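Subject: A structure for you to explore

Hi there,

Here is the structure I promised to pass on to you. Please open it beside this email and follow along as you read.

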Amino acid sequence: MGDMKVEITKKHLNTRNLILVALFTALTAIGAFLRIPMPMVPFTLQNLFSTLAGLLLGSYLGAVSVGIYVLLGLAGVPVFTSGGGIGYVLQPTFGYLLGFIVGAWVTGRLRECMGKITFKNMLIANASGMALIYVLGIGYYYMMATFLLGQEIGAKVLLVKFFLMTLPGDIVKCFLASVIGVKLLKVFRV
């Protein structure tokens with residue numbers, strides 16, 4: 001088992017891969033500032049870049065790139081939509097950041113398992129990763145609002161403000177990531 005970890009590390013730690021991970025970490029950070037304010041959760045391009053990281057870099061490196069982004073923000077670098085710092089874990093929207101990591105991994109894993117690079121396969125992988133972002137983001141928001149802030153949030157509010165209002169833009173981002181993924185995957189194949 002220990003040898004397997006060493007092999008995974010040796011396989012992934014090369015200059016090209018480190019540059020690609022850094023690139024997607026930076027793109028995800030930039031995506032936080034390309035935003036449209038909305039009532040509860042702002043429309044950003046973070047999830048576009050996190051799903052692209054999974055598609056183009058694969059499950060491991062995609063999740064690592066987004067994980068580094070989250071760690072940078074928690075360390076105090078103002079890369080999140082509302083700044084940064086360890087206190088950000090108390091923000092009700094922090095679950096979306098965790099979702100970006102898991103979403104990147106799942107998107108990458110599905111792409112790896114599907115084999116053939118088609119628009120349909122990329123769209124399925126993106127939609128699955130996006131679904132997990134929603135589950136973690138909405139679940140975390142509900143827990144923080146209910147237990148930390150003492151706010152009652154009903155299922156209707158969660159459905160409308162955290163799902164239906166953001167879904168159209170995220171569907172467009174899934175399609176866009178799929179188109180980009182099909183075109184660039186041969187170049188970025190890790």
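A residue is called buried when its relative accessible area is under 20%, exposed when over 50%, and partly exposed in between, using a 1.4 Å probe and protein chains only. By that rule, 44% of the 190 residues of the protein count as buried.

Two notes on how to read the values. This is a predicted model, in which local features need pLDDT of at least 70, side-chain atom pairs count only at pLDDT 80 or more, and totals for chains, interfaces and linings use all residues. Residues are numbered from 1 along each chain as its sequence is written, and side-chain values use heavy atoms, with hydrogens and water left out.

**The overall fold**

The protein has seven helices and zero strands. Helices (H or I, at least four residues) and strands (E, at least two) are DSSP runs, numbered from the N terminus. Contact here means heavy atoms within 4.5 Å. Among contacts between residues at least 6 apart in sequence, 72% join residues at least 24 apart.

**The core**

A nonpolar core is a set of buried Ala, Val, Leu, Ile, Met, Phe, Trp, Tyr and Cys residues joined through side-chain atoms within 4.5 Å. The largest one holds 39 residues, and those touching the most other members are Leu52, Leu57, Tyr69, Val70, Phe80 and Leu97. At least two residues of this core come from each of α2 (15–33), α3, α4 (94–114), α5 (119–148), α6 (155–164) and α7 (167–188). Which helix gives the most to this core? That is α3, with 12 residues.

**Phe80 and its surroundings**

Leaving out residues up to four places away in sequence, Phe80 touches Ala32, Phe33, Tyr69, Val70, Gly73, Leu74, Tyr88 and Leu97. Gly73 lies in helix α3 and is buried, as its relative accessible area is 0%.

**Aromatic rings**

A pair of aromatic rings is described by the distance of the centres and the angle of the planes. Rings of Phe, Tyr and Trp (its six-membered ring) pair if their centres lie within 6.5 Å; planes under 30 degrees apart count as stacked, over 60 as edge-to-face and the rest as tilted. The structure holds five such pairs. One of them joins Phe80 and Tyr88, a tilted pair at 4.5 Å centre to centre with 45° between the planes. Both Phe80 and Tyr88 are buried, and together with Tyr69 they form one aromatic cluster.

Phe119 and Phe175 also pair: their ring centres are 5.7 Å apart and their planes are at 35°, so this pair is tilted. It links distant parts of the chain, with Phe119 in helix α5 and Phe175 in helix α7, 56 residues apart.

**Helix α4**

After α4 comes Gly115, whose phi is positive, near 75°.

**Two asparagines**

Asn47 is in helix α3 (residues 46–74) and counts as buried because its relative accessibility is 6%. The side chains of Asn47 and Asp170 are joined by a polar contact of 2.9 Å. A polar contact is a pair of N or O atoms within 3.5 Å; within protein, one must be able to donate a hydrogen and the other to accept it, and residues adjacent in sequence count only if both atoms are side-chain atoms.

Asn126 sits in helix α5 and is buried, at 0% relative accessibility. Beyond its neighbours up to four places away in sequence, Asn126 touches Thr51, Leu55, Thr107, Cys174, Ala177 and Ser178.

**Cysteines**

How many disulfides are there in the whole structure? A search finds zero, where a disulfide is a pair of cysteine sulfur atoms within 2.5 Å. Cys113 is exposed, at 54% relative accessible area, whereas Cys174 is buried, at 7%.

Happy exploring!
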